Amino acid sequence: MSVLKIARMGHPVLQQIARPVADPSHPAVHRLAADMLETLDDIGGLGLAAPQVHESVRVVIFHVPGADDELGPTTVLVNPVIEPLSDQIELGWEGCLSVPGLRGEVPRHAHIGYRGLSLNGETIEREAEGYHARVVQHECDHLDGILYPQRMTDLSRLIFESEMRRYMEAREDPGAERQEDAAQ
Ligand code: NI
C-alpha cells in the first residue's frame, strides 16, 4: 500500500466524468481502494474520491459519522448512485483535500438514498441524513467533475480555514465549529 498524491483544484482529472468500474473485485480496484484508505488515514479527513488521487474511476471512500460525532467505519463504494428523498436543502460547511486551506458553506439535499457496490460486488443500499448525506454527496460530486465551490450559492461564505474562528465570532454564528476537520 502507499500514500497517494492528492490532485488539487485546477488539475484536469478533477474536472472529468469518471468512468464506471466494470469489476469491483478486480485486484487493481482493491489495490486502489487500499491506497485510498491509507491516504485518507495519513492525511485525515472524512472521505476521498478516486479522481482526487488521479484515478478517473467511480470509487469513493468515506467515514459514516457515528454517535457523538466519532468517526465511524469506513465505507468503500463503487459506482455509487444518489437519489434525493425529499426536497429539503440544508446549508453546511465543507472542506476538500483538493481545495486545501478553504472552507465553504454548501447547500445539499438533507435526505438521500444511495447505493453502489462493495469490493466484493455486493450491493450496498442506505438512507442518509445530515452530515452522512452531505459527505456522500460531496464525494460523488467528485466523480462528475464537480468541486464544492461549484455548488455554492453565496461565495462570501468561502473562507480560509485559518479565519474560520474569527469569521464565526464576528457573526456570532458558532454553527460551523464542529466542521473544522471536515476535509473530504
Ligand atoms: Ni473533496
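I began at Trp93 and looked up its bridge partner in E5, which is Glu105. The model is predicted, and I treat each value below as computed from it.

**Sheet**

E4 and strand E5 (residues 102–109) run antiparallel to each other and share six bridges.

**Helix H2**

I checked the length of H2 (residues 130–143): its 14 residues reach 21 Å from the first C-alpha to the last, close to the 20 Å expected at 1.5 Å a residue. I also checked its cover and found 13 of the 14 residues buried. Just after H2, I noted a positive phi of about 75 degrees at Gly145.

**Salt bridges**

I counted eight salt bridges in the structure. Arg134 and Glu94 meet through their side chains at 2.8 Å, N to O. This pair links distant parts of the chain, with Arg134 in helix H2 and Glu94 in strand E4, 40 residues apart. Buried or exposed? I looked up Arg134 and Glu94, and both are buried.

Next I took Arg151, which forms a salt bridge with Asp141, the closest N and O atoms being 2.8 Å apart. Arg151 lies in the loop between H2 and E8 and Asp141 in helix H2, so this pair ties together parts 10 residues apart in sequence. Arg151 is partly exposed at 37% relative accessible area, whereas Asp141 is buried at 7%.

I also looked at Arg166 and Glu163, whose side chains form a salt bridge at 2.8 Å, N to O. Arg166 counts as exposed at 57% relative accessibility, and Glu163 is partly exposed at 32%. Tracing shared partners, I found one network that joins Glu94, Arg108, Arg134, Asp141 and Arg151.

**Leu77**

I turned to Leu77, in strand E3 (residues 74–84). Leaving aside neighbours within four places in sequence, I listed its contacts, among them Val59, Phe62, Tyr114, Leu117 and Ile124. Ile61 is 16 residues from Leu77 in sequence and 6.2 Å away in space, C-alpha to C-alpha.

**Domains**

Last, I read the domain assignment, which gives domain 1 (12–153) and domain 2 (160–184). Their centres, taken over C-alpha atoms, are separated by 22 Å.

Terms used. Residues are numbered from 1 along each chain as its sequence is written. This is a predicted model: local features need pLDDT of at least 70, side-chain atom pairs count only at pLDDT 80 or more; totals for chains, interfaces and linings use all residues. Side-chain values use heavy atoms; hydrogens and water are left out. Helices (H or I, at least four residues) and strands (E, at least two) are DSSP runs, numbered from the N terminus. The expected span of a helix is 1.5 Å times one less than its number of residues. Buried means under 20% relative accessible area, exposed over 50%, partly exposed in between (1.4 Å probe, protein chains only). Contact means heavy atoms within 4.5 Å. Domain bounds come from an automatic or database domain assignment. Two strands pair if DSSP finds at least two bridges between them. A salt bridge is a side-chain nitrogen of Lys or Arg within 4 Å of a carboxyl oxygen of Asp or Glu.
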